[in-house]
Amino acid sequence: MKINKLSLACVAVLLFLTGCVIPQWKVIEKPELTSAGSSYRVQGPVGWIQLTGIEKHTFITREGPSLQAIEVQQAPMDKAFEGIDIEINDNVLISELAQFYVADFKAKNQGLQVSRTDTMPFTIDGKQGFKVTMEFRSEEGLVFDIITCGLLFGGQFYTLVYHAPRLHYFERDLPVFNRVVASFEII
């Protein structure tokens, strides 16, 4: 039996795709959320939707990702701030970690006029971290508020980020974000 090149290419593509997880949106039915390869878990809001299939990253939204979202991310400390090309070590001060985060966020979002409104120490899962609040204005003039809680533990940098328009959504879903942060646990 002769196999032509197109058939061989199709089989190769199918084999490749079966080994890949394609991200997809799923309704959160059980509150405990973890992502592949992550060393954390959080309690998510039942009825919201989660983008699944993203390693070491939890992304949830109620209204849609461009409107409001909660993200939990884990990154090795040597890849934590790739936007500003800086490496950190275990001895970095929490205030420096917060400054690096803001600089990295601004570098990755250069098209936005981002301003930091507050930075403070913050405890996450009983560990010392930071909390940064920022804001930016969309091209249409809509003001978005952002809260990021972050910590460095066990060679991993964890961030919990919430963004939503100041108008209506931010205050409405802030208690949900606060519950997600309070439930965050390194496993």
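Here is a friendly chat about the folds and charged residues of a predicted model.

User: Hi! What does the secondary structure of the protein chain come to?
Analyst: Hello! In this predicted model, the protein chain has three helices and eleven strands.

User: And what pattern do they follow along the sequence?
Analyst: Reading along the sequence, you get α-β-β-β-β-β-β-α-β-β-β-β-α-β.

User: How many residues does the protein chain have, and what percentage count as buried?
Analyst: The protein chain has 187 residues, and 42% of them count as buried.

User: Let's look at some strands. Which strand is β1 joined to?
Analyst: Strand β1, residues 24–27, is joined to strand β4, residues 49–52, by four bridges. The two strands run antiparallel. As an example you can find in the structure, Q24 has T52 in β4 as its bridge partner.

User: Which strand do three bridges join to β4?
Analyst: That is β5, residues 57–61, and this pair is antiparallel as well. Look for Q50, which stands opposite I60 in β5.

User: How many residues sit between β4 and β5?
Analyst: Four residues lie between them, and the two strands form a hairpin. In the turn, G53 has a positive phi of about 90°.

User: While we're on strands, where do the side chains point in a regular one?
Analyst: As a general rule, they alternate between the two faces of the sheet.

User: New topic: charges. How many salt bridges does the structure hold?
Analyst: The structure holds nine salt bridges. In general, side chains of opposite charge can pair when their charged atoms come close.

User: Can you show me one? Say, what does K108 meet in a salt bridge?
Analyst: The side chain of K108 meets that of D104, at 3.0 Å from N to O. Both residues belong to helix α2 and are four residues apart, which is about one turn of the helix.

User: Is K108 buried or exposed?
Analyst: K108 counts as exposed, because its relative accessibility is 53% and the cut-off for exposed is over 50%.

User: Which residue forms a salt bridge with E135?
Analyst: That is R166, with the closest N and O atoms 2.5 Å apart. This pair links distant parts of the chain: E135 is in strand β8, while R166 is in the loop between β10 and α3, 31 residues apart. E135 counts as partly exposed at 23% relative accessibility, and R166 is partly exposed at 39%.

User: Which residues are linked in a network of salt bridges?
Analyst: Those are R62, E63, R172 and D173.

User: Last one: which residues form the negative surface patch?
Analyst: D78, E82, D85 and E87 form that patch. To find E82, look in the loop between β6 and α2. E82 counts as exposed because its relative accessibility is 54%.

How values were computed:
Residues are numbered from 1 along each chain as its sequence is written. This is a predicted model: local features need pLDDT of at least 70, side-chain atom pairs count only at pLDDT 80 or more; totals for chains, interfaces and linings use all residues. Side-chain values use heavy atoms; hydrogens and water are left out. Two strands pair if DSSP finds at least two bridges between them. Patches are made of residues with over 30% relative accessible area and no salt bridge: like charges are joined within 9 Å, nonpolar side chains (Val, Leu, Ile, Met, Phe, Trp, Tyr) within 5 Å. Accessible areas come from the Shrake-Rupley method with a 1.4 Å probe; for residues, only the protein chains shown count as cover. A salt bridge is a side-chain nitrogen of Lys or Arg within 4 Å of a carboxyl oxygen of Asp or Glu. Lys and Arg count as positive and Asp and Glu as negative; His and the chain ends are not counted. The place of a charge is taken as NZ of Lys, CZ of Arg, CG of Asp or CD of Glu. Buried means under 20% relative accessible area, exposed over 50%, partly exposed in between (1.4 Å probe, protein chains only).
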